Amino acid sequence: MRFLSAFVLSILPFSALAGNALKGRRHSKIGQNLRSRNNNGTIYTVKDFYASHCFLDQWNFHVGADPTHGNVNFLSKEEAIAKKLATVQPDGTVVLAVDDYSSIPEGGKRNSVRIQTKKSYNHGLFIADFLAMPHGCSVWPAYWSLGPTWPDAGEIDILEGVHEQPVNQYTLHSSASAGCTLSTDGMDIMTSVIHDICDSTPEDNRGCGFLDSDTRSYGKGFNAAGGGVLAHLWDDNGIKMWHFAREMVPADITAKTPNPASWGKPVAFWSSKTCDIASHFYNHTLVLDTTICGDWAGPSYANSGCPGTCAQAVANATNYQNAKWKINYIAVYE
């Protein structure tokens, strides 16, 4: 959660969140089909495909200070490209990075990138294939979505954490008056519930969510496994999420003929039976960003196992050598 993301992880020792790491194969580029019919007869059609050399033109760049009070300056597209913080490699991999080469004073601000889609969504099947994700002391990366006037239109956190956190957290945030609670509606989930009140207020904006146990789901473990795929289905039944480490990515996702009915247990599910998703989650843009310290990574730094203070971490450029998103593609299906 970009507005003080579920602080439960900030008070848990990271050793208590262990899972199993597994190295995976390198990624391979895949072809693009347009339609897919799942086992229930639902047809999924590619609506938007964000990838390769067109990627940077398909997103808006947030410019200026971080809304979550991080020690960063978010750059325009032109500035980010010029400073090599937003690049597209010859093979089409998109890289979004934090400045890891400049001399910054203690407690200063580093250049970084925050982007969001020009289009907004009210439902869909979203599939994000990342070759690598940011991590490091003081680093707070997230792949998420939100609507206008937070938290009135809701927030969906798909991939997020701080420092060298070992596992991912999946979180939903609804408006203070939504009356939303987390219910899995009897579904068998692969993860554990960490909080069941979704409504976010100034006093408590943890949201409701799940904690993974697989160290391939975040940070070092995610990258060591060759990255992976995060998928979420947002429909009348609620919001459901899956994480697949590289070696576990279903063939139908690779072929761009996704069939969620065949994917097995999700890592997260919020049922519409205890939260009116349609009323409280709408007009969402997808967001990718990496900030430093700020409202979550700042207060949790003392318990992170990282040296010194968060302000001191900002001055150490080596902390940001791994603070990079490497994106194969993000696809939106209807």
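User: Okay, so two strands pair if DSSP finds at least two bridges between them. With that in mind, how many bridges join β13 to β15?

Analyst: Four bridges join them, and the two strands run antiparallel. Keep in mind that this is a predicted model.

User: Which residue does Thr 171 stand opposite in β15?

Analyst: That's Gly 209: Thr 171 stands opposite it.

User: And how many bridges join β14 to β15?

Analyst: Three, and β14 and β15 run antiparallel as well. One example is Ser 192, whose bridge partner in β15 is Leu 211.

User: Let's stay on β15. Which way do its side chains point, and are they buried or exposed?

Analyst: Cys 208 and Phe 210 point one way from β15 (residues 208–211), while Gly 209 and Leu 211 point the other way. All four are buried. As a general point, side chains in a regular strand alternate between the two faces of the sheet.

User: Zooming out, what's the strand order in the sheet of eight strands?

Analyst: The order is β3-β9-β19-β11-β12-β13-β15-β14, in an open sheet with antiparallel pairing. Its edge strands are β3 (59–61) and β14 (192–195), and each of those pairs on one side only. From one strand to the next, the twist averages 20°.

User: How many bridges join β9 to β19?

Analyst: Three bridges connect β9 (residues 114–117) with β19 (residues 285–292), and these strands run antiparallel. Within that pairing, Arg 114 has Asp 289 in β19 as its bridge partner.

User: What about the open sheet of three strands, what order does it have?

Analyst: That one goes β4-β5-β8, with mixed pairing. Strands β4 (64–65) and β8 (110–112) are at the edges, each pairing on one side only. Two bridges join β4 to β5 (residues 72–74), and that pair runs antiparallel. Ala 65 stands opposite Asn 73 in β5.

User: Switching to charges. How many salt bridges does the count come to?

Analyst: The count comes to 10 salt bridges. One of them is between the side chains of Glu 334 and Lys 47, at 3.4 Å, N to O. Glu 334 lies in the segment after β20 (324–333) and Lys 47 in β2 (residues 43–51), so this pair ties together parts that are 287 residues apart in sequence.

User: How exposed is each of those two?

Analyst: Glu 334 is partly exposed, with a relative accessible area of 41%. Lys 47 is partly exposed too, with 38%.

User: Which side chain meets Lys 324 in a salt bridge?

Analyst: Asp 100 does, at 3.2 Å, N to O. Here again distant parts of the chain are linked: Lys 324 is in β20 and Asp 100 in the loop between β7 (94–97) and β8, 224 residues apart. Asp 100 is partly exposed, at 25%.

User: And what about Lys 273, which side chain does it meet?

Analyst: Lys 273 meets Asp 185 in a salt bridge of 3.4 Å, N to O. Lys 273 lies in the loop between β18 (268–271) and α4 (277–280), and Asp 185 in the loop between β13 (169–173) and β14, so the pair ties together parts 88 residues apart in sequence.

User: Is Lys 273 buried or exposed?

Analyst: Exposed, with a relative accessible area of 66%.

How values were computed
Residues are numbered from 1 along each chain as its sequence is written. This is a predicted model: local features need pLDDT of at least 70, side-chain atom pairs count only at pLDDT 80 or more; totals for chains, interfaces and linings use all residues. Side-chain values use heavy atoms; hydrogens and water are left out. Axes are lines fitted to C-alpha atoms, for helices over the stretch in contact, and angles run from 0 to 180 degrees between N-to-C directions. A salt bridge is a side-chain nitrogen of Lys or Arg within 4 Å of a carboxyl oxygen of Asp or Glu. Buried means under 20% relative accessible area, exposed over 50%, partly exposed in between (1.4 Å probe, protein chains only).
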